[in-house]
Amino acid sequence: MRIFITGGASGLGEAITKKLAGVSSNEVYFTYNSSGDNAQKIKSEFENTYPVRCNFNNEEELKNLCTKIEEISPDVLINNAYTGSFINSYFHKTDANDFLSEFKINVLSTIMITQAALTVFRKKKGGKIITVLTSALVNTPPIGSSVYVANKAYLEELTKVWAVENARFNITSNSVSPAFMLTSFTNAIDERLIEQMTESHPLKKLLDPAEVAETILFLSTAGTQLNGVNLVINAAATLK
């Protein structure tokens, strides 16, 4: 099975790449930008991985990536990459241009990549889209997360459209919404806040990226009846 992962060289993406590459029959292609050294380490550890460099903020590189996706002809697309901040500032203090710039690099890039994958999937009469969202869409959103949560909410609705429009082609679109994790994306969060989140967690421990990767591995092999589903991974802290 050919799998294409965006942002697969660091944080949650690295955990996903390694988990899926652990299945020797998989060919795992993953994008990276600034994590070149780590991408090569993953390549050295797993011979069935193929790093692809792309700066999503560069329109020409993004267009070339979409062409490459059609050449690779994947069976599974995992939309994981996110560039920006989880916590920024209060909504009323956030520059409107921040919404525009992060929407462009995170949402528009995901739209273009998914369109390229769907072109392949429709020709093959099959394929899977798995999109990483956030449990902040279910829980009370953290203060200062308006840009991040807004982008994830936009993608959440798109995952439903992808599911409905492509079901008759044996194409599924599902998503996962993980709770807070300690990764390179969240390492700027104040330690006191992390302690509070850990203490208030039902299991008294934060979610591990490897646990999310396990769920994505399951979705990558699930049947076509599982479609349009969002799996919230938050230890039942809040139920939707």
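Buried means under 20% relative accessible area, exposed means over 50%, and partly exposed lies in between, using a 1.4 Å probe and protein chains only. By that rule S145 is buried, because its relative accessible area is 2%. This is a predicted model, in which local features need pLDDT of at least 70, side-chain atom pairs count only at pLDDT 80 or more, and totals for chains, interfaces and linings use all residues. Residues are numbered from 1 along each chain as its sequence is written, and side-chain values use heavy atoms, with hydrogens and water left out.

**Terms for the helices**

- Helices (H or I, at least four residues) and strands (E, at least two) are DSSP runs, numbered from the N terminus.
- Axes are lines fitted to C-alpha atoms, for helices over the stretch in contact, and angles run from 0 to 180 degrees between N-to-C directions.
- Angles under 35 degrees count as roughly parallel, over 145 as roughly antiparallel, 65 to 115 as roughly perpendicular and the rest as oblique.
- A crossing is right-handed if the near helix is turned clockwise from the far one by less than a right angle, and left-handed if anticlockwise.
- Contact means heavy atoms within 4.5 Å.
- Ala, Val, Leu, Ile, Met, Phe, Trp, Tyr, Cys and Pro count as nonpolar; Asp, Glu, Lys and Arg count as charged; the others, Gly among them, count as polar.

**Helix α3 against helix α4**

- Helix α3 spans residues 59-72 and helix α4 spans residues 96-124. Their axes are 8 Å apart, at an angle of about 25 degrees.
- So α3 is roughly parallel to α4.
- The two helices make a right-handed crossing.
- On the α3 side, the contact includes L62, L65, C66 and I69. On the α4 side, M112, I113, A116 and V120 are among the residues involved.
- This contact of α3 with α4 has nine nonpolar, two polar and four charged residues.

**Helix α4 against helix α5**

- The axes of α4 and α5 come within 10 Å and cross at roughly 20 degrees.
- These two helices are therefore roughly parallel to each other.
- Their crossing is right-handed.
- F99, F103, V107 and I111 are among the α4 residues in this contact. V147, Y154, L158 and W162 are among those of α5.
- The contact of α4 with α5 divides into 10 nonpolar, six polar and four charged residues.

- S145 lies in the loop between β5 (127-132) and α5 (146-166).
- Setting aside neighbours within four places in sequence, S145 is in contact with F86 and I87.
- T94 is in the loop between β4 and α4. T94 is buried, at 13% relative accessibility.
- Not counting residues up to four places away in sequence, T94 touches S89, F99, S146 and V147.
- The C-alpha atoms of T94 and G144 are separated by 8.8 Å, though the two are 50 residues apart along the chain.

**Positive phi values**

- S73 is not a glycine, but its phi is positive, near 60 degrees. S73 sits in the loop between α3 and β4 (76-79), and is buried at 19%.
- N170 is not a glycine either, and has a positive phi of about 60 degrees. N170 lies in the loop between α5 and β6 (171-178), and is partly exposed at 44%.

**Cysteines**

- How many disulfides are there? The count is zero, where a disulfide is a pair of cysteine sulfur atoms within 2.5 Å.
- For C54, the nearest cysteine sulfur is that of C66, 7.9 Å away.
- C54 is buried at 4% relative accessibility, and C66 is buried at 10%.
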